[in-house]
Amino acid sequence: MTELWKQSAGQLANAIAARRVSSREVVQAHLERISAVNPKLNAVVHVLRDEALAAADAADRAVASGEPLGPLHGVPVSIKCNIDLKGVASTWGVPALKEAVARQDSPLVERVRAAGAIPIASTNCPDLAMRVHTDSTLHGLTKNPWNASRTASGSSGGDAAAIASGMSPLGFGNDIGGSLRNPANACGIASIRPSAGRVPDASQPPFENRPIAWQMMAVQGPMARTISDVRLGLKVISGAHPLDPQAVDAPFSVAHSRRPRVAVVGAPPGGSCASSISHAVLAAADALSNAGYEVAQVTPPRYEEVVRVWGEFVMGDYASLWETMAPLMGEDGRYFFNGLFQMFKMPAKSADMSALLQTRDGLARDWSTFMNDYELVLTPTWTQLPFDIGFDVSSQDGVEKTVEMMRPVVPANLLGLPSACVPAARDLETGMPIGVLLTGRRFRDDQCLDAAEAVEGLRALQTPIDPVW
């Protein structure tokens, strides 16, 4: 029998429901895996050992008594440390919040528990979740299980490293600038940034109310080793909730008579792209073609402008909060953020922000028109391999090259679109994973996942792995 920590969330749920294994055995196996590999990776920052074992025993009693079981019954899951988990500090990676114990579960955690899942660990994120490299002033550096000298990325880097190394089969994070997909790419796992409005968001950031950019562009979502588990996790957490007035009950899938058309962008405009990554995108395109998709090499309109407007919107919005944020962040986090302030022209007054949002409206309309013909867009996740630790804060050039390499992830954030990351290859020279993105029309998360599953058939790499040291 395959070791329990190597199995998918779906496999574990089925085995528990069929009484082939107990939830306690599954939870204990993952606790032992955390003890074995977390000291090398520092992905998990808080282990809920006693709570998880007690919940596992309750789950086993429910199975024995024949009670109705949820789709994740008895399965351990991990939660990013900026998502409210009752009784655990929502630290956002900073010392100032190390005692900020959540009084109630976020809607996401509430739904995860209702599906029968058992939170087993809280995972690391960079200071205020505002960096694409997971190094927390409070919790320290999370290392990449494929190569300890390379970034695990961020901001959901703790969860990605935990899942890739078998500490958790399924995790949950958030994404305002690729924070689910960046680390999935770097750690060789899968994720999806859901459509804006599909998943409720009500965790409290270090501000009384969410900034505009967070309201419009940030989403909560799942991470896992397989697309089937990503799909399962997304179904569990989707739907309207009274704490998030923007969340809606949207159908998860819609029947269609043909495969979506796919626009393939092997080397996105606005910067360079490593040849191994472009080749991975083209291999993914071939896999889609073989699966019956119609593919064409064509780029969505105003691509570079979308990236620019995303940056100006995010930085303009957070500039208004910088006096509050800066004292909470460590030196590297402040350096990276100040570099972003230098990169992007920020709206100086409300009229400038209004003009920027009007531009966003035009970009969304142009992309919507384009995606009437090409329902999916296939791109790299990053245009370069995961960088060496420290590169992003080594200089202003390091800041700018980091943003350049992650440019494919941000159109989905600006425009509210679903975007799935799936491993497609390994770089031959370094052995690092290479992920690709399938970005789709709003509320067609199902089409993104269907196509990602076809790419997953390449079986470019297998996880979980033992950390490479």
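1. Contact here means heavy atoms within 4.5 Å. The model is predicted. In helix H10, Tyr303, Glu305, Val306, Val309, Glu312, Phe313, Gly316 and Asp317 meet residues of H13. The H13 side of this contact consists of Met353, Leu356, Leu357, Thr359, Arg360, Leu363 and Trp367. By class, the contact has nine nonpolar, two polar and four charged residues.

2. Next, the geometry of this pair. H10 spans residues 303-319 and H13 spans residues 350-373. Their axes come within 10 Å and cross at roughly 145°. The crossing of H10 past H13 is left-handed.

3. Now helix H16, residues 445-456. Its 12 residues reach 16 Å from first C-alpha to last, close to the 16 Å expected at 1.5 Å a residue. H16 is mostly covered, with nine of its 12 residues buried. Among them are Asp445, Asp446, Cys448, Leu449 and Val455.

4. What covers the buried residues of H16? The cover includes helices H8 (227-237) and H9 (275-290). It also includes strands E9 (190-193), E13 (376-380), E14 (419-426) and E15 (433-440).

5. Last, the cysteines. A disulfide needs two cysteine sulfur atoms within 2.5 Å. By this rule the count is zero. Cysteine 448, in H16, is buried at 0% relative accessible area. Its closest cysteine sulfur, in cysteine 421, is 12 Å away, so the two are too far apart for a bond. Cysteine 421 is also buried, at 0% relative accessibility. The closest cysteine sulfur to that of cysteine 421 is in cysteine 187, and at 10 Å this is too far for a bond.

Methods: Residues are numbered from 1 along each chain as its sequence is written. This is a predicted model: local features need pLDDT of at least 70, side-chain atom pairs count only at pLDDT 80 or more; totals for chains, interfaces and linings use all residues. Side-chain values use heavy atoms; hydrogens and water are left out. Buried means under 20% relative accessible area, exposed over 50%, partly exposed in between (1.4 Å probe, protein chains only). Helices (H or I, at least four residues) and strands (E, at least two) are DSSP runs, numbered from the N terminus. The expected span of a helix is 1.5 Å times one less than its number of residues. Axes are lines fitted to C-alpha atoms, for helices over the stretch in contact, and angles run from 0 to 180 degrees between N-to-C directions. A crossing is left-handed if the near helix is turned anticlockwise from the far one by less than a right angle, and right-handed if clockwise. Ala, Val, Leu, Ile, Met, Phe, Trp, Tyr, Cys and Pro count as nonpolar, Asp, Glu, Lys and Arg as charged, and the others, Gly among them, as polar.
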